[in-house]
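Colleague: I would like to learn how to read a model like this one. Can we go through it feature by feature?

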Amino acid sequence: MGRLGVSKEDDYLAISGGIEAEWDFNQQSHVLAVGLGGSHDELDPTDGGSEQFPDRIRSADKDSLTAFAGYTHAFGRVTVGQLSLAWTHGDGYLTDPYKRVYVAGEIGPETRPDTRDAFALTGRLRHYLRDLDAAIHVDMRYFADDWGVRSDTLDVSWVQKLPNQWRLTPSLRWYQQGKADFYRPYFNVARSDGHYSSDPRLSAYGALSGRVALHKDWQNWSLALSVEGYRSEADYALRNVDSESPGLVEFGVVSLAFSYRWFSAPTSAPSVRVEPPPVRVIEVVP
């Protein structure tokens, strides 16, 4: 299966593509999936080289390549597990052109390395509870890259089927990460490699989030309503945080979405089959 995509914003153009393949054995109780994807991104900051920001780039580009392999195994009729490994290589302008940093008494643009290799190991478990007509989803992920970032994620969800094709899904997510080698809230002295970032998303921190989603299907229409709360701070990390970022965030989100299917699909109990995730070329760390 192949994929192509184009995303355009005022200051950003991304062209991506990928191919995927999967093989199932023993009546789909074992599934092997592999994929390869790539992306070319062009950046044109709206105020690059302006009088206000003369040191901001006018244009730049970057490329990325992602490879993925996953194995799915059915442990009987109600339990499914999956293990997957993804590798991403980035090359080009990997810096955020809008981020600024304090270095030795002056404020200027941040500078990140122009290459990056990242690995992500993900495990998923799905178990269907017949008596409750519900499913429990557990996801765990470990991430590491050559910028020094290490992260762990644990995500647990309960998918409860309700009458009249309603579905309620409460979930909890815990996340922690270590900082990039070149992250500091500020730099009193210059670094020998010339790399600097004060982006909170590259700092060491932990985060907790809770979400409740309500979903309704009728004919070809579906309705989804969700409420989510998120909070990040150093105390939520098990790893040592020697310099907490002052830019860590706390927020709440309420969303409402309607969708329409052109083709009807039979309704059933909450699915426990773990679909191999498609190859998507994304920034591994924001």
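Modeller: Start with contacts along the sequence. Among contacts between residues at least 6 apart in sequence, 59% join residues at least 24 apart. Keep in mind that this is a predicted model.

Colleague: Which secondary structure elements make up the protein chain?

Modeller: The chain has 0 helices and 14 strands. Read along the sequence, the pattern is therefore β repeated from one end to the other, β-β-β-β-β-β-β-β-β-β-β-β-β-β.

Colleague: What are the overall dimensions, and how much of the chain is buried?

Modeller: The C-alpha trace spans about 65 × 40 × 35 Å along its principal axes. Of the 286 residues, 38% count as buried. The accessible surface comes to about 16,500 Å², and carbon and sulfur atoms account for 57% of that surface.

Colleague: How do I read burial for a single residue?

Modeller: Buried means under 20% relative accessible area. Take T169, which is found in strand β11, residues 166–177. T169 has a relative accessible area of 17%, so T169 is buried.

Colleague: Which residues is T169 in contact with, leaving aside its neighbours within four places in sequence?

Modeller: T169 is in contact with S157, W158 and V159, and also with R211, V212 and A213.

Colleague: Now charges. How many positive and negative side chains are there?

Modeller: There are 29 positive and 39 negative side chains, and the centres of the two sets lie 7 Å apart.

Colleague: How many salt bridges does a search of the whole structure find?

Modeller: The search finds 15 salt bridges. For each pair, look at the N to O distance, then at where the partners sit in the chain. R100 forms a salt bridge with D55, with the closest N and O atoms 3.0 Å apart. This pair links distant parts of the chain, 45 residues apart: R100 is in strand β6 (residues 100–103), and D55 is in the loop between β3 and β4.

Colleague: Are R100 and D55 buried or partly exposed?

Modeller: R100 counts as partly exposed at 29% relative accessibility, and D55 counts as partly exposed at 36%.

Colleague: What about the pair R201 and D96?

Modeller: Their side chains meet in a salt bridge at 3.5 Å, N to O. R201 lies in the loop between β11 and β12, and D96 in the loop between β5 and β6, so the pair ties together parts that are 105 residues apart in sequence. R201 is partly exposed, with 31% relative accessibility.

Colleague: And where do D217 and R167 lie?

Modeller: D217 and R167 meet in a salt bridge at 4.0 Å, N to O. D217 is in strand β12 and R167 in strand β11, 50 residues apart. D217 is buried at 15% relative accessible area, whereas R167 is partly exposed at 27%.

Colleague: Which residues do salt bridges that share partners join into one network?

Modeller: The network is made up of D96, E110, R112, D199 and R201.

Colleague: Last, which residues form the negative surface patch?

Modeller: The negative patch is formed by E42, D44, D61, D63, D91 and D114. A patch residue needs over 30% relative accessible area and no salt bridge. D63, one of the patch residues, is found in strand β4, residues 60–74. With a relative accessible area of 35%, D63 is partly exposed.

Key: Residues numbered from 1 in each chain as written. Predicted model: local features only at pLDDT ≥ 70, side-chain atom pairs only at ≥ 80, totals over all residues. Heavy atoms only, no water. Patch = residues over 30% accessible without salt bridge, like charges linked within 9 Å, V, L, I, M, F, W, Y side chains within 5 Å. Areas by Shrake-Rupley, 256 points an atom, 1.4 Å probe, with all protein chains shown as cover. Lys, Arg positive; Asp, Glu negative; His and termini not counted. Charge placed at Lys NZ, Arg CZ, Asp CG, Glu CD. Helix = DSSP H or I, 4+ residues; strand = E, 2+ residues; numbered from the N terminus. Buried < 20%, exposed > 50% of the residue type's maximum accessible area, 1.4 Å probe, protein only. Contact = heavy atoms within 4.5 Å.
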